[in-house]
Amino acid sequence: MNESQWIEQLEEEGYQGVQVFSKDAGTEWPSHTHEKTTVHVILSGELSEGDENGSRVHRADDRFEIFAGSAHWAKCGDAGCTFIVGWR
């Protein structure tokens, strides 16, 4: 799917505030939580994320959720990353 199709699908699933972000290589988000569940779709590049259960690397077309209140961290790969985020 392309960017607009992903956005449309996520909004149909009830996600709000769906936005696209592009971040530079090595951008980091230290351990944090969200008040709402978030969905992420990687459009390009890589995004590593992890929690107490380990770490994962997400690449183009990967989709994952982080549940409300779950502590996690994230870091963009060497080429940066562009991704979609929505909340519900």
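Predicted model: local features only at pLDDT ≥ 70, side-chain atom pairs only at ≥ 80, totals over all residues.
Residues are numbered from 1 along each chain as its sequence is written, and side-chain values use heavy atoms, with hydrogens and water left out.

Let me start with the overall layout. The chain has 1 helix and 6 strands, where helices (H or I, at least four residues) and strands (E, at least two) are DSSP runs numbered from the N terminus. Their order along the sequence is α-β-β-β-β-β-β. The C-alpha trace spans about 30 × 30 × 15 Å along its principal axes. For 88 residues, a compact globule would have a radius of gyration near 12 Å, and the chain, at 12 Å, agrees with that; the radius is taken over C-alpha atoms, and the globule rule is 2.2 Å times the number of residues to the power 0.38.

Of the 88 residues, 32% are buried, and by buried I mean under 20% relative accessible area, with exposed being over 50% and partly exposed in between, for a 1.4 Å probe and protein chains only. Among contacts with a separation of 6 or more, 74% are between residues 24 or more positions apart, a contact being heavy atoms within 4.5 Å.

Now to the helix, H1, which covers residues 3-12 and in which Trp 6, Ile 7 and Leu 10 are buried. These buried residues line one face of the helix, because they fall within an arc of 100° when seen down the axis of H1, the arc being that of the directions from the helix axis to the C-beta atoms. As a reminder, an α-helix has 3.6 residues a turn, so residues three or four places apart point the same way. What do the buried residues of H1 pack against? They pack against S1, S3, S5 and S6. Just after H1, Gly 14 takes a positive phi of about 100°.

The next topic is the largest pocket, which holds about 240 Å³ of space. The search uses a 1 Å grid over the protein atoms alone: a cavity is a set of points where a 1.4 Å probe fits but cannot get out, whereas a pocket is an open set with protein on both sides within 12 Å along at least five of seven lines, and lining residues have an atom within 4 Å of a point. Grid points are joined across faces, edges and corners, and the volume is the space filled by probe spheres set on the points.

The lining of this pocket has 16 residues, with Trp 29, His 34, His 40, Phe 83 and Val 85 lying nearest its centre. At least two lining residues come from each of S1 (16-23), S2 (28-32), S3 (38-51), S5 (63-66) and S6 (72-87), and S6 gives the most, with 5 residues. By class there are 9 nonpolar, 5 polar and 2 charged residues in the lining, where Ala, Val, Leu, Ile, Met, Phe, Trp, Tyr, Cys and Pro count as nonpolar, Asp, Glu, Lys and Arg as charged, and the others, Gly among them, as polar.

Leaving aside neighbours within four places in sequence, His 40 is in contact with Asp 62, Arg 63, Phe 64, Ile 66, Ile 84 and Val 85.

Let me turn to the loops. Asp 61, in the loop between S4 (54-59) and S5, has a positive phi of about 75° although it is not a glycine, and at 48% relative accessibility it is partly exposed. For context, most residues other than glycine have a negative phi.

Which residues does Ala 68 touch, not counting residues up to four places away in sequence? Ala 68, in the loop between S5 and S6, touches His 34, Glu 35, Lys 36 and Thr 37 on that count. Its C-alpha lies 5.4 Å from that of His 34, 34 residues apart in sequence.

I will finish with Ala 25, in the loop between S1 and S2, whose C-alpha atom is separated by 5.5 Å from that of Gly 77, 52 residues apart along the chain. At 45% relative accessibility, Ala 25 counts as partly exposed.
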